[in-house]
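Look at the chain below. Then read on for a short tour of some of its local features.

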Amino acid sequence: MFENITFAPLLPPLALALLAALAVVLIGFGLWRGLAGWWLRALAALVVLVALSDPSWKQEERDYLSDIAFVVIDASASQTIAERPDQMAATEAELTEKLASLSGGEAPVEVRTIRVAQGEGEARGTRLISALRQAAAEVSPDRIAGAILLTDGRLHDIDSFDGFPAPVHTLLTGSASDWDRRLVVETAPSFAIVGEPVELTLRVEALGPVPASIDPLVPLVLSLDGEQIASVRVPVGETLTLPLELPKAGLNVIQMQIAEAEGELTERNNAAVISINGIRDRLRVLLVSGEPYAGERTWRNLLKADSAVDLVHFTILRPPEKQDGVPVFELSLIAFPTRELFMEKVDEFDLIIFDRYRRRGVLPSLYLDNISRYVRDGGAVLIASGPAFAGAESLYRTPLQAVLPAAPTAQVIEEGFHPRVSDVGQRHPVTRGLEALAPRPASEDGTPGWGRWFRLIDMETTSGVPVMEGPEGRPLLVLDRPGEGRIAMLASDHAWLWSRGYEGGGPQRELLRRLAHWLMKEPELEEEVLVAEPDGAGVTVTRRSLSESIGDLTITTPAGETRTVNMVEVAPGEWQARIDGAEDGIYRLTEGELQAVAALGPAAPIEFENPVSTNELLFPIAEATNAGVLRIADIGTPDIRRVREGRVAAGRNWLGLARREAYTVQDIRLTPLAPGWLMLALAGLLSVVAWRIEGR
């Protein structure tokens, strides 16, 4: 039962104040005049004012509510480091036991535990303050006794704190002697020109009190698409510039890794992955036409349509055996620098095309032998065969034979046929889905919906992959990889019929474009490749292969865990797997001998950017709420006490929860202390007595 006196004024407070002031003036005047009953008149005025205030004796029946204490547990990834999991488990158990002992008595405490995992997307990071605010919004502020944060102090929503009605304590995991190192990429281009130098700037940072025994020079390994390309030692705390050249167009995944030192907290922030899109500044193509014919313009138009292609076109108009008596000095033809092109500068070309070329003594065997060497060293050659390829003037009868994937049978088939994509060609990126680009659907017997060709140089495949076929399954387009280079053989010179729209034509431009890009090693046309593409919510892994089946995909997560996934074939020669809900960091992927890496989010998640335990971020909050910040490694689990509201709530080895004494009212009884009739009679009596005294 709670009892007190309450007032319910019958007049506004201002009116009561004016009446009181008037009474004081009148009583003062009476005192000045020397009236003997002034004090009785003062009592009468006081009685009137009390009556107008309407005092009552208030009796309340109250039910006191329990105070609420929040325990916010940091369950982010950084809490899995070193001894922190053991500290968390032991402290949580002891804290629960000590708080349970406060659940009885006159001011019981209700404990609400909030376990906060790391956020994702825009809310990524450790967001304990946001979780505490959300939980506190669900209860009345006058019931909150306090909050205890069990964390390493690395919070990412400190700025969202805007006050709290009770102490906010912190119990820190980790140790004051924790230290770590991390790799920071300061600048890295998003794209670069293939073959030209590009610079990366990076820095190795020391975090926490690094022991003096640790070597200040850190080994750094640089890898490109999973293959190590450099190893250097870098000084800690200094910005280092690394020169780099991209070897190929398309996506180049560059991984940097520093060695883990003994005693370091974690290696999760010792690596960084960047993706640089390699672009070719200019593509240099050498087109050698053996003789003018209708299809020559097809190749020229295709290559000149791309403004990034520098085309050198060499057409043999006057072979050495042609003798017509015209003096050489009267010819308008310009002497072609064959030695300069085929001996001195052949390596500067990205692609060499022989279009219906035949041996006529223009290019000596020494030149062709150099082209064979050029292919084995990484160059690319395309041979579009004409009838001469089947005879004595064939390129096959030159030193170039060493890199050719097919041999002519000396037979030339002169009949109409529909080019077809072979079974293996259905899985090759150069020809996969080519039928869908035909001007009309395929017929019921499987005949492609494009026009016919009328010449095929019969060949026998000796190596490589026949991705297109002619009549009776004869090889029409053969692709091979001799040495480090690439070579393609097209066993017909009638591809130009498609560009002229004969019988509806066909996807000649798309076929030749894909073929040229495959020869120039464009990544999107690689037939044996493992590609990982992060998209924010996960990683999509694509495996392209000419095989009919592949093995399982082995995934190594950023935490070092390994698991296998069965990839699903989504198209001929293409398999995919999906990693959903993945944590940020570097993923290493392996299928057979192929490897790939992918970085989802930052290479080091935000929880690992600086994993060293600290009280710097939470100390201002503790100071503003009269709370404390204690380290578990120093004192263990502190005692829990109750303190009066507004008092200091922390000591050397204890934390305090405020007594809020919130309640609900079950019943109220009001007893008037000054009934109106009684107070009026009393005031009148006092006034009459004062008048009588003064009247004598």
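Arg356 lies in the loop between strand E17 (351-355) and helix H7 (365-376). Helices (H or I, at least four residues) and strands (E, at least two) are DSSP runs, numbered from the N terminus. This is a predicted model: local features need pLDDT of at least 70, side-chain atom pairs count only at pLDDT 80 or more, and totals for chains, interfaces and linings use all residues. Residues are numbered from 1 along each chain as its sequence is written, and side-chain values use heavy atoms, with hydrogens and water left out.

**Two positive phi values**

Most residues other than glycine have a negative phi. Arg356 is not a glycine, yet its phi is positive, about 50°. Is Arg356 buried or exposed? Arg356 counts as buried because its relative accessibility is 14%. Buried means under 20% relative accessible area, exposed over 50%, partly exposed in between (1.4 Å probe, protein chains only).

Glu503 also has a positive phi, near 55°. Glu503 is in the loop between H8 and helix H9 (508-519). With 28% relative accessibility, Glu503 counts as partly exposed.

**Aromatic rings**

A pair of aromatic rings is described by the distance of the centres and the angle of the planes. Rings of Phe, Tyr and Trp (its six-membered ring) pair if their centres lie within 6.5 Å; planes under 30 degrees apart count as stacked, over 60 as edge-to-face and the rest as tilted. By this rule there are six aromatic pairs. Two of them are in the table.

| Pair | Centre to centre | Angle between planes | Class |
|---|---|---|---|
| Trp450 and Trp498 | 5.0 Å | 45° | tilted |
| Trp453 and Trp498 | 5.0 Å | 55° | tilted |

The pair of Trp453 and Trp498 links distant parts of the chain, 45 residues apart. Trp453 is in the loop between E20 and E21, and Trp498 is in helix H8. Trp453 and Trp498 are buried. Trp450 is buried too. Ring pairs join Phe417, Trp450, Trp453 and Trp498 into a cluster.

**Charges over rings**

A charge sits over a ring if NZ of Lys or CZ of Arg is within 6 Å of the ring centre and within 35 degrees of the ring normal. Arg284 has its charged end over the ring of Phe349, 4.9 Å from the ring centre. Arg486 has its charged end over the ring of Trp518, 5.1 Å from the ring centre.

**A buried Phe**

Where is Phe164? Phe164 is in the loop between strand E5 (144-151) and strand E6 (168-172). Phe164 is buried because its relative accessible area is 16%. Contact means heavy atoms within 4.5 Å. Not counting residues up to four places away in sequence, Phe164 touches Phe70, Leu132, Ala136, Ile144, Gly146, Ala147 and Thr625. Phe164 and Ala136 are 28 residues apart along the chain, and their C-alpha atoms are separated by 8.9 Å.

**A nonpolar patch**

Which residues make the nonpolar surface patch of about 600 Å²? They are Leu31, Leu35, Trp38, Trp39, Leu43, Leu46 and Val50. Patches are made of residues with over 30% relative accessible area and no salt bridge; like charges are joined within 9 Å, nonpolar side chains (Val, Leu, Ile, Met, Phe, Trp, Tyr) within 5 Å. Helix H2 (residues 38-53) gives the most to the patch, with five residues. Leu43 is in helix H2. Leu43 counts as partly exposed because its relative accessibility is 36%.

Definitions and conventions
Areas by Shrake-Rupley, 256 points an atom, 1.4 Å probe, with all protein chains shown as cover. Salt bridge = Lys/Arg side-chain N within 4 Å of Asp/Glu carboxyl O.
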